[in-house]
Amino acid sequence: MAGLTIIGAQFGDEGKGKIVDYLASKSDVIVRFNGGNNAGHTVKIGKTTYKQNLLPSGVFQKNKRNLISSGVVINPKVLISEIETLRLLGIAISPKNLGIDLRAHLIMPWHILLEGSENSKKIGTTQRGIGPCYEDKAARTGLRFEDLILEDSLTLKIKNEYERKLRLLQFSSAIIPSEFSFASILSEYLAYSKILKGYATDVSSELHSFQSKKKKILFEGAQGTFLDNNFGTYPFVTSSNCICASAAVSAGVPPSFISSSQGVVKAYTSRVGNGIFPTELHDEIGEKLRTKGAEFGTTTGRARRIGWLDLPMLRSAIKLNGFDGIHITKLDVLAGLSEIKVATHYKIGKKTITEFPAYSQDLKTAVPVYESFKGFEDQDWKKVAKDGKTKKLSALPKNAIDYINFIKRELNVAISSVSVGPERDEIIFLG
Ligand code: IMP
């Protein structure tokens, strides 16, 4: 049992990219298990910033097997362009280091058009066709990665589905661009098939074989716990399951395969898109954190909403994912504030609630109750991280240590690392 999951504990964008990059260096196999190109991972290596949406984070390192499992939805155009971008940066992707499950679903042009004409605007989705693709998966009308292998079957499936979707688009009075024709979609996907079919694999079978060879497997989650389709702030969620257990479902391995689960927690909270956000800040502090933390979506460029750290949310995330450690990111972004607040619990009427309520009506009326901390000054964070190699937490300013220790005590969870800057080495590992 050598499987580790790494999961966002909040609403996504917790700064997972950098942590996954580190954990990938300690793993042999990296599996991306949910979502699609709605996700955006940023990794800064040296002077280069890599932004990617689909590829597992192990692609930056040599001799790793990267896998995309069945629960991911794949836009072939985006995948090919990501592979090409990395190639230009000197990182070679080939079927040797990347495999894609035969069962993963394909995002088709109609998914993107259908999303534009749905109530997705109310939710504030990324408009990448993610929801409509998962809808087709559940309706059993979707195309899968395996359909790229045989030209005849790909042609037939596109033909059938194109006709159905055209009727649907006409019925929903969506704007249908002139290039939306069977012939052009077919020629586009036949071209993708030539480039991508060599990557097709059975991820489940590969993982069982890796496990028998005692290889270390990292399951990399996209989005975050409260965007999970079951446990997030429904309907303001994504269409896949983001929590730890879904790694096993998507990858085709038993739950016992996962021996450890770690969470990534931003030192404050952010959310992109609509939906409830109990600790949201609507003042100049929120504005300051957004600017300092460069809180704009990797995928869509949208400004992220900002709020204080929310412990009820994190207590629930720990239960849902079974975290045995959390990585706190972007602590440096809080520097310079005179006061830092943390929501320790909620009040619903006279009741005190210490976890994220399941009943959405309760969530709507929940009032966060805050504990206040003294701020800390900006530092030479590179030096702090360097000192942290030997001095660990005590390399941080005193008020920052108080903040971290408070979180640890309240959540009763190990702090695996504290990240103090965007670069690979701006991190203090504690466990
Ligand atoms: P969808 O995943 O595009 O359907 O969008 C559903 C909701 O999830 C919207 O609020 C999006 O902004 C949000 N979302 C999707 N992917 C991410 C992500 O990787 N980080 C943060 N929010 C995301």
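Q: What makes the 14 residues around the second largest pocket its lining?
A: Lining residues have an atom within 4 Å of a point of the pocket, on a 1 Å grid over the protein atoms alone, where a pocket is an open set with protein on both sides within 12 Å along at least five of seven lines, whereas a cavity is a set of points where a 1.4 Å probe fits but cannot get out. The second largest pocket has 14 such residues, and Lys77, Pro109, Ile112, Glu179 and Glu188 lie nearest its centre. Helix 2 (76-88), helix 3 (109-116) and helix 7 (182-196) each give two or more residues to this lining, and helix 7 gives the largest share, 4 residues; helices here are DSSP runs of H or I with at least four residues, and strands are runs of E with at least two, numbered from the N terminus. This is a predicted model, in which local features need pLDDT of at least 70 and side-chain atom pairs pLDDT 80 or more, while totals for chains, interfaces and linings use all residues.

Q: How do you know how the lining of the second largest pocket divides by class?
A: Ala, Val, Leu, Ile, Met, Phe, Trp, Tyr, Cys and Pro count as nonpolar, Asp, Glu, Lys and Arg as charged, and the others, Gly among them, as polar. By that rule the lining has 9 nonpolar, 2 polar and 3 charged residues.

Q: What is noted about the peptide bond from tyrosine 234 to proline 235?
A: That bond is cis, with omega near 5°, and proline 235 sits in the loop between strand 10 (217-220) and helix 9 (245-251). Most peptide bonds are trans.

Q: What makes the phi of asparagine 63 worth noting?
A: Asparagine 63 is not a glycine, yet its phi is positive, about 60°. Most residues other than glycine have a negative phi.

Conventions
Residues are numbered from 1 along each chain as its sequence is written. Side-chain values use heavy atoms; hydrogens and water are left out.
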